[in-house]
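Colleague: I'm new to this one. Could you walk me through how to read it, feature by feature?

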Amino acid sequence: MTTTLEIEGLTVAYGGAPVVDGVSLAVPAGSVVALLGANGAGKSSLMRAVMGLVPSTARRLAVDGRDLAGHPPERRADAGLGYVPEGRRVFAGLTVRENIEVAVDGAAGARAARVAEMLELFPDLAAKAGERAWRLSGGQQQMLAIARALARRPSVLLLDEPSLGLAPLIAAAVFARLRAVAESGVAVLLAEQNAARALAIADTAIVLAHGRVALVRPAAGLSADDEALAALLA
Amino acid sequence: MPTVQLLVNALALGAAYALVALGFVLVLNAAGAVNFAHGDMVMLGGVAAVAASTLLAAGGLRLPGIVLVPLVVIVSGLVGLVVAAVGFWPLRDRPPAAMFVATIALAAVFEQSATAFFGPEPRAAPAIWDGPPVIIGGIALGRQPLALILVAGLALAGVYALLERTQIGRSFRAVAQDREMARALGLRATRLIVGAFALAGGLAGLAGALLGHQFFVNAGQGPAYMLKAYIATAIGGWGSVPGALVGALLIALFEMLVSAALSAVWAQALLYLSLLAILLLRPQGLFGEAVGRRA
Ligand SMILES: Nc1ncnc2c1ncn2[C@@H]1O[C@H](COP(=O)(O)OP(=O)(O)OP(=O)(O)O)[C@@H](O)[C@H]1O
Ligand SMILES: [Mg+2]
């Protein structure tokens with residue numbers, strides 16, 4: 001498998017001590033890497049740094065072998081990074097269709113075709129295509145945030161706690177969708193508090209503690225009630 | 001029927017104020033800050049109209065004001081770009097207060113330059129549509145207010161179509177709602193915001209040219225227009241585009257009615273008093289603002 005997202009020695013500091021401290025990880029194409037860690041471990045900061053939304057330093061930060069160092073967020077999106085942020089952040093005043101279309105480049109016909117593809121992939125959204133996004137339920141907004149990111153055909157998808165605030169059944173549907181996204185060849189980096197759920201779809205688990213990588217394991221060999229893991233997530 | 005004429009005049013005034021308020025609220029939403037020089041873009045549009053018609057008249061050309069409209073819009077769109085280049089671009093990663101202060105300075109520069117170039121005396125911009133009143137259903141209606149309603153109405157419809165029907169408009173609304181998220185999706189936020197300044201300048205300048213016939217153009221009128229845009233936005237719910245347009249119409253109606261009943265001076269004084277009352281009693285605006293529905 002080719003490595004799609006490569007991170008080496010990533011460090012984020014908000015003025016004080018680093019909250020992400022020399023983290024290295026790789027996400028191969030077609031796989032899900034679960035990024036676990038207690039509250040404040042640095043998961044969101046890592047994702048925001050990869051996306052270029054907070055300043056960071058790194059020995060290497062590359063997508064598909066292309067170096068992203070110093071690039072602003074929009075150039076990183078062009079390079080193939082897709083971002084589904086904490087709290088979903090759909091464009092509340094835009095319709096479902098507009099939320100997807102706004103993320104797609106190209107001529108009107110090509111955009112419409114891509115929107116239609118995404119709505120086919122997310123039937124729940126298709127039924128609400130003309131609604132303003134603020135009217136959607138939490139689960140639908142989460143699906144929209146994922147559809148919006150996927151509409152750009154990213155090679156890497158960064159997801160920050162997509163199950164937060166969702167009912168278990170809805171969260172299960174979101175995770176099933178993420179597995180399918182990875183199967184289609186996308187490299188998925190998934191930050192989650194709910195370790196059991198993340199491990200169920202992940203190939204690899206990486207645990208952050210105080211901004212450092214504390215554990216890297218194949219997800220298959222790791223149970224959510226593993227003692228070492230539980231201690232790190234506490 | 002004086003009432004019909006009054007209403008048509010109020011609608012004409014309101015349509016022009018709506019252009020002013022629209023540009024103001026678009027920049028407010030895009031850049032997340034008040035452009036204090038907004039009123040001076042109105043004034044400079046009026047100056048451009050007066051200057052162009054004076055130059056043409058000196059060359060023996062007496063063109064109707066409507067012909068000058070595209071020129072005025074282009075010139076004031078460029079003024080909007082200047083405001084963006086000085087008041088927004090260098091400060092785009094700073095807190096909104098930075099842009100507010102920078103545009104106060106810019107407003108002063110515009111006013112001083114206009115005074116130097118144009119003199120302190122008010123001057124009338126050319127009429128958009130000259131001639132005797134037209135009689136509609138037995139009522140004599142001035143041509144200028146009718147032309148004003150038509151031109152401003154077309155401009156408003158054009159901006160509506162741009163915002164709601166095009167990818168640029170969608171991108172603009174996304175940037176206005178969540179700039180960081182929009183950038184993470186690849187949208188060129190800075191370009192869109194600079195574009196909003198140019199559009200706001202064009203709309204403001206158009207309003208200045210339209211209003212400058214009846215209400216004259218003078219170098220010091222910028223702040224009063226800025227305040228009206230501010231009041232319209234405060235009435236309509238800070239950040240709401242339709243709210244700002246309704247606010248602009250209400251201000252015009254208010255000014256017309258109070259001017260008719262009392263005087264123009266009273267109209268201005270009471271307008272500013274009602275702004276204070278709104279800010280104190282209903283800071284969310286007369287119509288409130290549903291969270292997340294800003295555009
Ligand atoms: N903008 C910021 N400025 C200063 N400190 C911050 C900022 N954002 C996060 N932090 C701090 O950085 C550390 C890591 O936070 P981060 O949000 O990245 O963790 P997380 O693993 O995503 O936590 P959670 O599970 O709560 O989402 C925390 O100590 C947090 O307080
Ligand atoms: Mg987080």
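**Reading the ligand and the sheets**

Modeller: Let's begin at the ligand, bearing in mind that this is a predicted model. The side chain of Glu86(A) has an N or O atom 3.1 Å from an oxygen atom of ligand 1.

Colleague: How many residues surround ligand 1, and which are the closest?

Modeller: There are 13 residues around ligand 1, and the closest are Gly40(A), Lys43(A), Ser44(A), Ser45(A) and Gln193(A). Sorted by class, that shell holds 4 nonpolar, 6 polar and 3 charged residues.

Colleague: Which element gives the most to the shell around ligand 1?

Modeller: That's α1(A), which supplies 3 residues. Helix α1 covers residues 43-51 of chain A and lies across β1, β2 and β4 of chain A, at about 115° to β1(A).

Colleague: Then let's turn to those strands. In what order do the 4 strands of the open sheet come?

Modeller: To read a sheet, walk across it strand by strand. Here the order is β2-β1-β4-β5 in chain A, with antiparallel pairing. β2 (18-28) and β5 (66-67) of chain A are the edge strands, each pairing on one side only.

Colleague: How many bridges link β1(A) with β2(A), and how many residues lie between them in the hairpin?

Modeller: The hairpin has 4 residues between its strands, and Gly15(A) in the turn shows a positive phi of about 90°. Next, look at β1 (residues 3-13) and β4 (residues 60-63) of chain A, an antiparallel pair with 4 bridges. There, Glu8(A) has Arg60(A) in β4(A) as its bridge partner.

Colleague: What about the open sheet of 6 strands: what is its order?

Modeller: Walk across again: β6-β7-β8-β3-β9-β10 in chain A, and this time the pairing is mixed. Each of β6 (81-84) and β10 of chain A has a single partner strand, so one side of each is left without a neighbour in the sheet. From one strand to the next, the twist averages 20°.

Colleague: Do β6(A) and β7(A) pair in the parallel or the antiparallel sense?

Modeller: Parallel: β6(A) and β7 (residues 156-160) of chain A share 4 bridges. Val84(A) has Leu159(A) in β7(A) as its bridge partner. Now look for helices on the sheet. Helix α6 (residues 138-150) of chain A touches β6 and β7 of chain A, and its direction makes about 170° with that of β6(A). Helix α7 (residues 168-183) of chain A packs on the sheet too, touching β3 (32-36), β7 and β8 (187-192) of chain A, with its direction at about 155° to that of β8(A).

Colleague: And how many bridges join β9 to β10 of chain A?

Modeller: 6 bridges join β9 (residues 204-209) to β10 (residues 212-218) of chain A, and the two run antiparallel. Ile206(A) sits opposite Val216(A) in β10(A). These strands form a hairpin with 2 residues between them, and His210(A) in the turn has a positive phi of about 50°.

Technical notes. Residues numbered from 1 in each chain as written. Chains lettered and ligands numbered in written order. Predicted model: local features only at pLDDT ≥ 70, side-chain atom pairs only at ≥ 80, totals over all residues. Heavy atoms only, no water. Pairing = 2+ DSSP bridges. Contact = heavy atoms within 4.5 Å. Axes fitted to C-alpha atoms, helices over the stretch in contact; angles between N-to-C directions. Near = heavy atom within 4 Å. Polar contact = N/O pair within 3.5 Å; in protein donor to acceptor, adjacent residues only side chain to side chain. Nonpolar A, V, L, I, M, F, W, Y, C, P; charged D, E, K, R; others polar.
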